[in-house]
Amino acid sequence: MNAVPTTPRARAIVLTVAGLLLIAGAWWYGRTTPIHPMSADEADTVWLIVLGAGAAIARSFHLMRHPNGRWRQGAADGEPGLVLTPVSDRVLTALWFAVQLPIIARWARLDSTRELWLAIGWTLLALGLLWVVVRPAHGHSRQVVLNASGVRVHRRHVPWSQVRSARLNSGAGVRLETADGTVRLRGADYRMRDGDVAAVLQYYYDHPERRGDLAHLDEAPPELRSS
């Protein structure tokens, strides 16, 4: 018998129960073993926070250095095309969730109203992160869709005739210039390099004769991806 949950619903239930038990455990520890200021327990708590935050930061750098997002064939507004969808990294979110647990335990002593509100605040943050772990944002409302008729960004459809350019932003991200204004995107939200996102958008703006290919391409042409 396979004890590992195999369906999305089963995994969501398991993750929710595990996360709630961890939060309850942090509260229980903080109430039964009060962590006093400048004590050895507080030093251990700080180390746990530092280690967790360090792991989360390392994971963030890994994702930035190894982007694995890609355009996929899909359909939007009833017309097939290339689709880019934001994806949350569950591991990164889970690490930040874990960082909240020793913080909750520290403030769960509840020796003052301030500690009560701090404990509640960190608990709410942990619950929010748990929700993201359980239900990672697939971001259908923030998809970028390219098809023969135009570009759809954040549920806003822009005909190719109204697109002016797609350029890298001066700091980070991509600027899609349209007749009605500028739409800003961040490649990191899609686990892609900004340059790769801009290159695909600009290519199909510059080559209207190739837009018909968008209906059957499995992914963006390899020559539009950086090495």
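Predicted model: local features only at pLDDT ≥ 70, side-chain atom pairs only at ≥ 80, totals over all residues.
Helix H3 spans residues 90-107 and comprises 18 residues. The distance from its first C-alpha to its last is 26 Å, close to the 26 Å expected at 1.5 Å a residue. The buried residues of H3 are Leu92, Thr93, Phe97, Val99, Gln100, Leu101, Pro102, Ile103, Ile104, Ala105, Arg106 and Trp107.

Two packed helices are described by the angle between their axes and the distance between the axes. For H2 and H3, the axes lie 9 Å apart and the packing angle is about 165 degrees. Because angles over 145 degrees count as roughly antiparallel, H2 and H3 are roughly antiparallel to each other. Their crossing is left-handed. On the H2 side, the contact is formed by Glu42, Thr45, Leu48, Ile49, Gly52, Ala53, Ala55, Ala56, Ile57, Arg59, Ser60 and Leu63. These residues meet Val91, Leu92, Leu95, Trp96, Val99, Pro102, Ile103 and Arg106 of H3. By class, 14 residues of this contact are nonpolar, three are polar and three are charged.

The axes of H3 and H4 come within 9 Å and cross at roughly 160 degrees. H3 and H4 are therefore roughly antiparallel to each other as well, and the crossing of H3 and H4 is left-handed. The residues of this contact divide into 16 nonpolar, three polar and four charged.

Helix H1 has 25 residues, and its first and last C-alpha atoms are 36 Å apart, close to the 36 Å expected at 1.5 Å a residue. Ala12, Gly19, Ile23, Ala26 and Gly30 are buried in H1. H3 and H4 are among the elements that cover these buried residues.

Backbone geometry was then considered at two loop residues. Most residues other than glycine have a negative phi. Leu110, although not a glycine, has a positive phi of about 55 degrees. Leu110 is located in the loop between H3 and H4, and is partly exposed, with a relative accessible area of 28%. Arg191 likewise is not a glycine and has a positive phi of about 55 degrees. Arg191 occurs in the loop between strand E8 (181-185) and helix H5 (194-206). At a relative accessibility of 19%, Arg191 counts as buried, because the cut-off for a buried residue is under 20%.

Thr178 lies in strand E7, which covers residues 174-178. Thr178 is buried, with a relative accessible area of 8%. Leaving aside residues up to four places away in sequence, Thr178 touches Arg156, Val158, Gln162, Val163 and Arg164. The C-alpha atom of Thr178 is separated by 56 Å from that of Pro37, and the two residues are 141 residues apart along the chain.

Methods:
Residues numbered from 1 in each chain as written. Heavy atoms only, no water. Helix = DSSP H or I, 4+ residues; strand = E, 2+ residues; numbered from the N terminus. Expected span 1.5 Å × (residues − 1). Buried < 20%, exposed > 50% of the residue type's maximum accessible area, 1.4 Å probe, protein only. Axes fitted to C-alpha atoms, helices over the stretch in contact; angles between N-to-C directions. Parallel < 35°, antiparallel > 145°, perpendicular 65-115°, else oblique. Left-handed = near helix turned anticlockwise from the far one by under 90°. Nonpolar A, V, L, I, M, F, W, Y, C, P; charged D, E, K, R; others polar. Contact = heavy atoms within 4.5 Å.
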